[in-house]
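Colleague: Please show me the structure, and let us then discuss it through questions and answers.

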Amino acid sequence: MTTIRTPWKPPGTARTGLFATNRRDRWWIAPGVQGILFTTLAGYLFFSGIVWTPLFGTAYEVDGYLSPLFSPLIAPGWLPAFISPGLLILWIPLGFRATCYYYRKAYYRFYFADPPGCAVGEPTIHKRYAMESRLPFILQNFHRFFLYLAFVPLFFLWVDAVGSLFPEGRVRLGLGSVIFFVNVVLLMGFSMSCNSLRHLAGGRLDCFSCTRRERAQHSVWQRLTALNRHHMAWAWVSFISVSLADVYVRLLALGVITDPAIRF
Amino acid sequence: MPPVTNLETHSHDVVVIGAGGAGLRAAIEAKAAGLSVGLVCKSLLGKAHTVMAEGGVAAALGNVADADSWQVHFRDTMAGGKYLNNARMAQLHAMEAPARVNELERWGAVFDRTPDGRILQRPFGGHSHARLAHVGDRTGLEMIRTLQDRAVAAGIDVYMEATITRLITGRAGATAAFGYWRATGSPILFRAKAIVLATGGIGKAYEVTSNSWEYSGDGHALAYEAGAELIDMEFVQFHPTGMVWPPGVRGLLVTEAVRGEGGILRNKDGERFMWKYLPDERRGEYAATDEEATRWVTALSEGRRTDARRPPELSTRDNVARAIYTEVKEGRGTPHGGVYLDISYLPPEHVRRKLPSMYEQFKELADVDITKGPMEVGPTTHYVMGGIRVEPDSGATTVPGLFAAGECAGGMHGANRLGGNSLSDLLVFGARAGAGATSHAINQPSGEAGFPHVDPVNVREATRELAAPLERVSGDDPYAIQRDLQATMQSLVGIFRVQADLDEALTQLAALRERGQRVQVAGGRSFNPGWDLAFELRNLITVSEAIARSARQRTESRGAHSRLDHPETDDARWGGLNSVVARAEDGTMAVSTSSLPTVPDELRALLGTAH
Amino acid sequence: MDTAHLRVFRGEPNEPGRYEEFDVPVEEGMVVLDALHWVQGHAAPDLAVRWNCKAAKCGSCSAEVDGRPRLTCKTRLSDFDLDQPITVEPMRAFPLIRDLVTDVSWNYAVNATIEPFKPPDDVPQSEWRWQQEDIERVQEYRKCIECFLCQDVCHVLRNHETERPFMGPRFLVRAAGLEMHPLDQADRREYLKDAGGIGYCNITKCCTEVCPEHIKITDNAIIPLKERVADEFYDPIQIVWRTLRGRRPGSAAGAELPVLPTGPGGTSDGGSS
Ligand SMILES: Cc1cc2nc3c(=O)[nH]c(=O)nc-3n(C[C@H](O)[C@H](O)[C@H](O)COP(=O)(O)OP(=O)(O)OC[C@H]3O[C@@H](n4cnc5c(N)ncnc54)[C@H](O)[C@@H]3O)c2cc1C
Ligand code: SF4
Ligand code: SF4
Ligand code: FES
Ligand code: FES
């Protein structure tokens, strides 16, 4: 079937040039707000996860709370001081989110203006276009491998959250633990609502009712689909919650605040 | 070889005019026989009326009701048509519909399923059993898409947005179809060994209609002018439930599936008035009480079988339409001149799943949430039972080489069509007309020699006629004539008719024809809707006249034809008689009658004692 | 009575085109298409506009209203601020024919390149059994009314030059309906990747935003297809696995089919008629 050719579309009459449009609604608000929020959070996380440690030391762990950016903590002795241990783990969530279908949509729009909005013109340098059919963006197809990997830190975040209830063998119900649990649930929601997971767990089947096994996969698929409908929301709230959890741990570690807690 | 130089000419063994269900199915049939097939339509492919059909396609598959069979379907069809149907057509239709529906599934259609994994069927007015295979309420879309994909994959040549304005005839019968490309306005000729007409209906003759601009009776008029006969033209179906508000969507269809799923009709006093209007001889088929009707609906929505009988709202269309009309006329209508149709007593989830596009339609166009409150509905012109007289087995018209199928062909539905019987009609007789055209084409010598001679004089005349409205420097505006025509038909040849109105209508139509001959169109040839309308007007006026003359002739009430001055069904005088319209020698329209062919005994036995 | 001020694009190819202004009396519930019809009937009889059903069922009346691709028969005037003019222009991704009518024939040409439904030839139709849940996905894609608004808004088709053609969201939707049909035997993944150019879609979801049938084009059709293409071409683990298991790449054979003998538990009274 490789010989089939799709025909070329004859040119239309769309206006060209960045932001050329006849739209009169405020289409730029959503990408604008998202772009600013995303840049702020991403900048903070980069600073906190990569830059901070070499410059200012290890204020990412305190009293049984380990910042989620550094979990699982791998800081072998040979690691040179100018490298943050976050680096060894952060590439997983980074790769996961960078290749996530939702984030792709978001940053293609607000960073690449490709397109800046629907029925809104693009910069003329975009005229030649390859996107996800060529390097580098063709690598987005490997999203599923980041998905597999992402379950590793996620597992450790559960361990951390549970562990934070028992620092030094005693039970502590602290605000930090609450934040940790909320954070890990949101991260879990994000991973579980992943489009690739939805596909791999059941979407790839053509028949949902043929065998018992397929029926089971169908019900999993249905649940994942329900989560997936809100993938964008999961993406944002988990992004924010990770940042807040990290901020919280750092503020504790720096002694700016103390952790309200009930101890048993 | 073009009969006229410089005229774009295409030659195909079979040319099909119309790309709705009937046309597509005919084209597929001819293509499967290895012929070269051209398919012409005046809209884009896939936009024909068939796409709008909602409720379903009737076929006695027996997936839901074991007791169903082609015999029962046949009987229902004949009873619905008040025994004016061509029995052979009704028989073929009932027998072949299941195979045609299954064939669609083989071609990729995805019908709703029964719990045991087969094609689900829903009940509809006038059908004794749950019989309509469907896909939510977008059955026509599923059907046309399936056929369209099949046709394209088979390699049929499609000419989209080309309007046929004349059939060229000669000694050999129909020899070619002449028309123009709407995009450029340039003329185009299709030579063919056989031509199939599948152009659909005539609804645009009326003000309030569920039909689109395409439904200007082109096929009826083209065939009539080519010398074919039209039968049963007085039978125009007014669908009981069209939207009445807001004004912009007046007439838009509210599918019968709403009643099929349990919708209740009430007047402004909240009275469930359909109880009053059930015809006595069929009362036994309907529920006796509200309670029984509710039991039927509950069983239906839970997918259970039941011994409860169906609600009175599922009476035949002619009857429900008259009931609504009468309620409104007698002052029991809603503020916007309709009645209430209520489905909101069922769970919202269920309503949205079974009637998604109705839900959308009311939400988007009328701000009404049908899961929360009632709709306002009233009768709307929907379908023409009458059409080109065809040979039941082959779809051949009285003109050699000319075939017809679908809504533009007559005979199948008699005096009233049952819901869902049109889509199955398209499939069954589309395929048959395709086969008929195929064997006609195959019987001609192969290659160029087989094409009948096309008379260049006729072609030149058609070309002149095409340009005329644009060349006139003064004349009538086509839109104004159309408005007047619609007003005439709506008020004088509507649901209830009387002699005096029909006489008046004929006088007005004669005047409109005069004006129609002088239309003048502004603008150029490229995609000019005013110009399109100029030809459609000619056809609409011809068809309107055929309706009015036939209606005037039939001095009784039967099915969709109700005469206030002759309210009784007069079997002694009119039973078994079709009205026939044909062009007389002098070019005027002649109306007469002809007897239905005798019904063979084995079919007669199916119909029971009365008939 | 209120009036709406319409600015309607008029023109033919090879001329710059212009906007003509019309004041249209507004009735309750009026949609943009009604207003255009009023213009035809009273002011500009030759205004070219496509329409058929007036009920959002046929997908003929697509245009851009105030810059947004819409079905004009479903766009209500009451959604606009009537003090401002309402601009109506043709779909911009396609060549102009006249006024609001564009040449969409390219779409039909693309459609013809998709391999049609291919049922198994060894299972008679009387044994086909599938459940509502097997086809719910497919039915969503089959709701498409071919309005081509998604094609119009897709930036790949609207704004870009690509190395190979891109089939566009409408036809990814059609392909999804075929690929996920429980009984279909064909494999269109290579076609999607190469001829169809699925890689050009950068899932920016404009198609989903405009679809009048509310098909979740990106999430439910394109992304699952991208994943299926990834299964076949970009997943080394699956490729190795397939090679070890000896399954010919690209063959759908071996998949379970919803047919009577191996059918679901609910077929107790199957085959009863
Ligand atoms: C809103 C609505 C709902 C309906 N619901 C149902 C239902 O649930 N069940 C049911 O059984 N029936 C239903 N019907 C009736 C049924 O849809 C139609 O009767 C049927 O689709 C007619 O099909 P057709 O193939 O004869 O013509 P159409 O599908 O109308 O096709 C006509 C074709 O002819 C072409 N054409 C016309 N004139 C020319 C010309 N001059 N030159 C070239 N081409 C021309 C048109 O472009 C078009 O392609 C419904 C009808 C409507 C309007
Ligand atoms: S999601 Fe893909 S197909 Fe849809 S508009 Fe965006 S680029 Fe085009
Ligand atoms: S997918 Fe939606 S937007 Fe695209 S053509 Fe179909 S109905 Fe229109
Ligand atoms: S799609 Fe967003 S995480 Fe996979
Ligand atoms: S006219 Fe059919 S979709 Fe608008």
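Modeller: This is a predicted model in which local features need pLDDT of at least 70 and side-chain atom pairs count only at pLDDT 80 or more, while totals for chains, interfaces and linings use all residues. Residues are numbered from 1 along each chain as its sequence is written, and chains are lettered from A and ligands numbered from 1 in the order in which they are written.

Colleague: How many bridges join strand 13 of chain B to strand 14 of chain B?

Modeller: Strands here are DSSP runs of E with at least two residues, and helices are runs of H or I with at least four, both numbered from the N terminus. Two strands pair if DSSP finds at least two bridges between them. Strand 13 (residues 339-342) and strand 14 (residues 375-384) of chain B run antiparallel, and the number of bridges joining them is three.

Colleague: Which residue of strand 14 of chain B is the bridge partner of Tyr340(B)?

Modeller: Strands of a sheet pair through backbone hydrogen bonds, either parallel or antiparallel. In strand 14 of chain B, the partner of Tyr340(B) is Glu376(B).

Colleague: Which are the edge strands of the open sheet in chain B?

Modeller: Four strands of chain B form this open sheet with antiparallel pairing, in the order 11-14-13-12. An edge strand pairs on one side only, and those that do so are strand 11 (236-243) and strand 12 (264-266) of chain B.

Colleague: Are helix 6 and helix 9 of chain C roughly parallel or roughly perpendicular to each other?

Modeller: The axes are lines fitted to C-alpha atoms over the stretch in contact, and angles run from 0 to 180 degrees between N-to-C directions. Helix 6 and helix 9 (residues 217-233) of chain C pack at about 65 degrees, with axes 9 Å apart. Angles under 35 degrees count as roughly parallel, over 145 as roughly antiparallel, 65 to 115 as roughly perpendicular and the rest as oblique. The two helices of chain C are therefore roughly perpendicular.

Colleague: Which element gives the most to the shell around ligand 3?

Modeller: A residue is near a molecule if its C-beta atom, placed from the backbone, lies within 6 Å of it. Ligand 3 is surrounded by 17 residues, and Cys144(C) and Arg170(C) are among the closest. Two or more residues come from helix 4 (149-153) and from helix 6 (169-179) of chain C. With three residues, the element that gives the most is helix 6 of chain C.

Colleague: Which residue of chain C is the bridge partner of Arg128(A)?

Modeller: Strand 3 of chain A and strand 8 (residues 161-162) of chain C run parallel and are joined by two bridges. In strand 8 of chain C, the partner of Arg128(A) is Glu161(C).
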